[in-house]
Amino acid sequence: MYLTDEEKRILDGGEGAGKQKAMEMLYALGLTFDAEKLIPVKRAHVALSGQEGDTYWCELLVNGGATCAVPPTTNPYWDTNYLTKFFDVTKEELELADRTGDAYRRIGAKLTYHCAPGVCSNVPFFGEHVAFSESSATPYVNGALGARSNRESSVSALAAAVIGKTPYYGFHIDENRYGDFAVDVEADLESCYDWGILGHCLGKIAGNRIPVLRFKKPVRPTQEDFLYFGAEAATSGAVAMYHMVGITPEAPTIEAAFGGRKVPSAECVLTNKDLKDREDMLTPATGKINLVMLGCPHYTYNQLLDVERLLAGRHICNETAFWILAESGAVELAERSHLRQRLELLGVRMVGDTCIDEPCWKSFEGALGVTDSPKCAYYRERRGQPFAIRRLSECIDAAVKGRLD
Ligand code: F3S
């Protein structure tokens with residue numbers, strides 16, 4: 001792998017121990033994937049999670065004198081000021097959250113605490129080389145926006161932010177972005193929930209291959225649809241790049257999506273029945289619920305409006321908590337527009353800067369929760385709370401009744 005004199009100097013420790021560690025990480029990654037060289041990036045997104053390992057890495061770099069050449073945006077951890085009014089956390093959990101914020105602040109990150117950066121807080125342009133971690137963010141920037149990112153970890157994305165470069169391999173190179181197989185989609189896609197279930201079906205089939213989707217009925221996905229589709233395809237599989245013929249920027253035609261190679265016949269056809277079967281497999285649980293949790297990935301302002309519309313003035317059952325996690329700008333807008341206040345009167349709470357996979361939610365563990373996101377269910381179940389997955393209107397009906405039928 002070719003390194004410039006300046007890169008070699010950093011690797012040899014000439015700019016301090018922190019930058020040396022970051023360069024060691026990029027160099028090791030480059031060697032592993034046969035990268036020819038490093039290329040500059042002007043954007044990065046770090047999947048800060050508030051977990052010990054990620055925080056350790058950030059502290060290692062910043063305590064070694066490193067700061068970010070490219071200030072990265074960050075994933076959420078949890079709003080320690082607001083949520084400690086509602087939930088008990090241990091001193092150690094609070095200390096880790098504070099340590100995490102402090103380390104990322106010192107290294108020069110932009111503390112957006114938002115897991116859908118490509119939607120508003122860090123939006124790359126077509127063809128731009130970037131280093132994005134967060135499993136739902138990478139397919140969005142590659143597939144929907146046509147920017148170029150590998151599936152970075154929080155560790156490699158932070159290293160890229162410190163050096164301002166990333167190894168040139170994988171999705172940075174044209175030939176690695178073309179489709180691997182074709183899928184015909186006949187299913188009706190009416191909401192981001194349907195797109196999420198489609199993504200979940202597809203991830204299982206694709207693994208880490210690049211799917212090319214051809215739609216039998218006209219579709220025009222929204223930002224939220226792309227986001228839910230990619231998040232679920234990256235949860236049930238490892239999809240970091242996809243094409244939708246006539247929709248995504250690198251697939252004006254099916255031939256373009258396959259890079260001029262022979263277009264294969266469709267490996268499968270996904271119908272309404274496939275989506276329904278997948279939904280039934282994901283959502284068998286019923287009974288009394290103690291929590292409705294929405295916003296994994298973070299809800300947009302439009303989705304907050306959807307909640308108000310579907311709730312239609314009904315009050316949430318007193319024994320059920322209803323939490324929406326949203327981008328902090330959307331929460332701020334909701335506050336200014338009094339949407340937040342109107343929803344709170346009905347028993348709905350919203351919070352910015354916060355992930356579903358944090359210790360503040362542990363008081364709900366053991367009883368049934370409901371979400372519109374298979375990704376949320378996947379992570380929460382690992383922490384000990386069973387979750388049912390339903391479309392938004394059904395989540396809201398369950399919240400009003402306090403049970404899921
Ligand atoms: Fe966002 Fe956390 Fe879900 S980072 S996508 S709320 S697992």
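Here are some questions and answers about the predicted model shown above.

Me: Before we start, what should I know about the numbering and the model?
Reply: Residues are numbered from 1 along each chain as its sequence is written, and side-chain values use heavy atoms, with hydrogens and water left out. This is a predicted model, in which local features need pLDDT of at least 70, side-chain atom pairs count only at pLDDT 80 or more, and totals for chains, interfaces and linings use all residues.

Me: Which residue is the bridge partner of Asp184 in E7?
Reply: Strand E6 (residues 181-185) pairs with strand E7 (residues 211-215) in the parallel sense, over 5 bridges. Within E7, the bridge partner of Asp184 is Arg214.

Me: On to charges: how many salt bridges does a search of the whole structure find?
Reply: Side chains of opposite charge can pair when their charged atoms come close. A salt bridge here is a side-chain nitrogen of Lys or Arg within 4 Å of a carboxyl oxygen of Asp or Glu. By that rule, the number found in the whole structure is 35.

Me: How many residues apart in sequence are the parts that Glu59 and Arg99 tie together?
Reply: The side chains of Glu59 and Arg99 meet in a salt bridge at 2.8 Å, N to O. Glu59 is buried at 16% relative accessible area, where buried means under 20%, exposed over 50% and partly exposed in between, using a 1.4 Å probe and protein chains only. Arg99, at 30%, is partly exposed. Glu59 lies in helix H3 (residues 52-63) and Arg99 in helix H5, so the separation of the parts they tie together, in residues, is 40.

Me: Is Asp405 buried or exposed?
Reply: Asp405 forms a salt bridge with Lys401, and the closest N and O atoms are 2.9 Å apart. With a relative accessible area of 58%, Asp405 is exposed.

Me: Which residues are linked with Asp194 in a network of salt bridges?
Reply: Asp194 lies in helix H8 (residues 192-206) and counts as buried at 8% relative accessibility. Its side chain also reaches the backbone nitrogen of Glu190 at 2.8 Å. In the salt-bridge network, Asp194 is linked with Arg390, Arg391 and Glu394.

Me: What is the nearest side chain of opposite charge to Glu279?
Reply: Glu279 is in helix H11 (residues 272-282). Lys and Arg count as positive and Asp and Glu as negative, while His and the chain ends are not counted. Leaving aside neighbours within four places in sequence, Glu279 is in contact (heavy atoms within 4.5 Å) with Tyr193, Ile197 and Arg391. Glu279 is buried yet has no salt bridge, and the nearest side chain of opposite charge, 4.3 Å away, is Arg391.

Me: Now the rings. What is the angle between the planes of Phe86 and Trp323?
Reply: Rings of Phe, Tyr and Trp (its six-membered ring) pair if their centres lie within 6.5 Å; planes under 30 degrees apart count as stacked, over 60 as edge-to-face and the rest as tilted. A search of the whole structure finds 14 such pairs. Phe86 and Trp323 form an edge-to-face pair, 5.2 Å centre to centre, with an angle between the planes of 85°.

Me: Where does Trp323 lie?
Reply: Trp323 counts as buried at 3% relative accessibility, whereas Phe86 is partly exposed at 33%. Phe86 lies in the loop between helix H4 (80-83) and helix H5 (91-107), so its pair with Trp323 ties together parts that are 237 residues apart in sequence, Trp323 being in strand E11 (residues 321-326).

Me: Which residues form one aromatic cluster with Trp323?
Reply: Phe87, buried at 9%, forms a tilted pair with Trp323, at 5.7 Å centre to centre and 50° between the planes. The residues that form one cluster with Trp323 are Tyr82, Phe86, Phe87, Trp361 and Phe364.

Terms used:
Two strands pair if DSSP finds at least two bridges between them. Helices (H or I, at least four residues) and strands (E, at least two) are DSSP runs, numbered from the N terminus. A polar contact is a pair of N or O atoms within 3.5 Å; within protein, one must be able to donate a hydrogen and the other to accept it, and residues adjacent in sequence count only if both atoms are side-chain atoms.
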